[in-house]
Amino acid sequence: MAQGTVQVTHTGTSRWRRRTGEYASLAAALEAAADGDVLTVSPGTYRENLVVQRAVTLRGPEGAHGSVRIAPPDGVPLTVRASAVIQDLHVEGQDATAPALLVEEGTPELLDVRVVTRSAAGIEVRGSARPTVRRCTVDNPAGVGIAVVDGGGGVFEECEVISAGQAGVAVRSGAHPRLERCRVHHAAGSGMTATGEHSALEAVGCEIYEVRGSGVQVSARATAHLTDCAVHRTTADGVTLDTDAVLTLADCRIHDIPENAVDLRSRSVLTLTRTTVRQFGRNGLSVWDPGTRVDAHECEISDSTGDYPAVWISDGATAVLDSCRVHDVPDALFVLDRGSRVDVVDSDLSQVRNTAVSVSDGATAQLDDCRIRDAATGAWFRDHGSGGTLNNCTLEGNRTGVIVTKGADPTIERCTVDSPSEAGVYVSAGGRGTFVDCRVTGSAGYGFHVIDGCRSTLRKCRTERCARGGFEFAEGGPGSGADAGPLVEECTSDESGSLPAPAAAREPVLQTVSPSGGGLLGAVPGQRATEPESLAPEADPARPARTSTDVLGELDALVGLDSVKREVRALTDMIEVGRRRQRAGLKAASVKRHLVFTGSPGTGKTTVARLYGEILASLGVLEKGHLVEVSRVDLVGEHIGSTAIRTQEAFQRAHGGVLFIDEAYALSPEDAGRDFGKEAIDTLVKLMEDHRDSVVVIVAGYTAEMERFLTVNPGVASRFSRTITFDDYGAEELLRIVEQQAEEHEYRLAEDTAKALTEYFVEIPKGPAFGNGRTARQTFEAMVERHASRVAQLPDPSTDDLTLLFTEDLPQRP
């Protein structure tokens, strides 16, 4: 039987003719058509629920795309149950419980179909259906754009989901579609989702953007393969995997993501090949939970817009980075928690604002043939149980090459640290580590800096052109054992013996072997038994030490501060009586000597701190009693590693004396975020405990701010014995300061000047900028300047003219 053509006129009333004719409804035409027939639909709106059950062609008129609208008031507008061809139709649905276009059976072709609807799904494919869908668009702000469910499949080519109230493309219940060169955007849920065992999604050359959820979501044992796809401008994570999901990304681009670019958990597995991840707000790659794994090959992760590590591996997850690049990020790679592991091979980590590789909480990192450049810290092994290996790696242009702290024990083999600005290798706070055949060149600080008696092992290591010295091994605190300190074998340095030799009082743990044949390199300097000479000022031999009585006399001579003087005397008396009780064989009360000074600027806090240190030295409590004054800028670096180093060095300078931290509350700003001041506080708390007999710490600042500061760390408040409040000076006390200044500089106040000064100090504002003693000194300096301007005009001034300060010399009131 020859193929017939059935024409359908929306408003026509012609009689039905067998095989070729015109029909009053589409349903009637479909009922009359046989397999292979072509139904050309005239323009118009058809309020019918159509079911295509034969292999026919149903299409709109040529050249009038979108002129045929299938728009029933409810139900499914178009159902396809055969290998039909549907072309150039406009489908509209209004039923929130049903799809607009449903494909249930066969291998139909849907060509240039536009679905504009408010349905449960724009296009739904289910069961045994395997359609080919080309150049179709879905606009469904109420539900899913394209749903493939219950074992359905098919191929979608050059299709577009313009909007979706839920997911743009949803694959579930064992479905397995393939999408080629499709676009999904403006979805209120995820761009593409695949969920459930045996569900599989394959996408090639697709683009997912402007979605309010994740770009791609794979979960509950589903699998997905994305090749040459782009995911960008989401409001949630770019790609998420959960619960045994498996995803492969090849030659994909993920960018402009405000959250995690890729996040996977719960035994999910991800393979990335030649994929770029950039401009992400949190982690570029976030991997969690035991059994979760990432394998990345020839990938690039860069240009973070937030303050989080680019790669985050935790809770027992594992990752492999092979021939990858990570650059222009706050931190490159964080691996933490016992069981977590990362293996990095032949990869580049560069332009890292903080730490390139951070290993903590028992995690492990293995880096082979990698390059770490332009980071604040190259690699930091943070705490007990954390370790791994750096093998044949190059660390260049970093502030600090490798940091090992708090019991961490990595192995660093055949690595080169070139041009660090602070230290090549820094080990402190019980860190260990084994360094074999490593080289540090061009350091602006030390090559290898090992402090606190840390038991590191250095074997066949070499330093060249290190500004402060190739090897520095500072002792631990009181109680360090005789075997404390690094074990060093066959190490060399070009210092040529310029650093001090080992102290005779202690057997050195350092063994050195000079290079054969001599040459420019000399042996490594021995273990240093004392702090470097430059770190603490030496006592002036021309100035005899004063007794506590002499120093207390100077304290008493200060203007005002009556309550402060009582507090200092009480402390002094406690310490002195404690010494006498010990000499008598009695127990001495424990006195915590660390203090908090609160009060406004210019009330004498620094002066009293200096005198307090001198008193403790005169009583034999401190070795030197000198004052080292620091503030936030001296302790807090621009990255985590430098903060620990700066704080340690400040504490070393104060060894045997007083460390005075002015405006200490600046170490814990209220909007701290990722501020590194907290690290300075944590380091100080530990150092105060470890060296409580050799350094006294005084923190100072405004009263309210210091009260907040004492709450930021549980150990802070417990380290300080008492708080001493420095009250503001009264007008009479400020006058006495000016009188002392005048006497010191050989000036005198005229009879009415003292009264005028008192009134002046009563009336000037006492706001936050008021400087107390500093204000008094500035007032005196201003009077001297005005006096000079006045007297300079006199042709032959007398002695009184040159020395007397009058009321007219007072500065203008603010």
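These are my notebook entries on one predicted chain.

**Ground rules.** The model is predicted: local features need pLDDT of at least 70, side-chain atom pairs count only at pLDDT 80 or more, and totals for chains, interfaces and linings use all residues. Residues are numbered from 1 along each chain as its sequence is written, and side-chain values use heavy atoms, with hydrogens and water left out.

**Confidence.** I looked up pLDDT, the predictor's confidence in each residue, from 0 to 100. The chain average is 83, and 85% of the residues score at least 70. I noted residues 9-19, where pLDDT stays under 50. The model has 25 contacts for that stretch beyond four places in sequence; contact means heavy atoms within 4.5 Å. Residues 476-480 also have pLDDT below 50. I found 6 contacts for them beyond near neighbours in sequence.

**Whole chain.** I took helices (H or I, at least four residues) and strands (E, at least two) as DSSP runs, numbered from the N terminus. The chain has 13 helices and 67 strands. Of its 814 residues, 54% are buried. Buried means under 20% relative accessible area, exposed over 50%, partly exposed in between (1.4 Å probe, protein chains only). The accessible surface is about 33,800 Å² (Shrake-Rupley method, 1.4 Å probe). Carbon and sulfur atoms hold 47% of that surface. Among contacts with a separation of 6 or more, 53% link residues 24 or more positions apart.

**Sheet.** I followed an open sheet of 5 strands, in the order E62-E63-E64-E61-E65, with parallel pairing. Two strands pair if DSSP finds at least two bridges between them. The edges are E62 (627-630) and E65 (722-726). Each has a single partner strand, so one side of each lacks a neighbour in the sheet. Neighbouring strands are turned by 20° against each other on average, direction ignored; the axes are lines fitted to C-alpha atoms. I then checked E63 (residues 658-662) against E64 (residues 696-701): 5 bridges join these parallel strands. Leu-659 stands opposite Val-697 in E64.

**Cysteines.** How many disulfides does a search of the whole structure find? It finds 0. The cut-off is a pair of cysteine sulfur atoms within 2.5 Å. Cys-159 is buried, at 4% relative accessible area. For Cys-438, the closest cysteine sulfur is in Cys-461, 4.8 Å away and too far for a bond. Cys-438 is buried too, at 5% relative accessibility.

Methods. Axes are lines fitted to C-alpha atoms, for helices over the stretch in contact, and angles run from 0 to 180 degrees between N-to-C directions.
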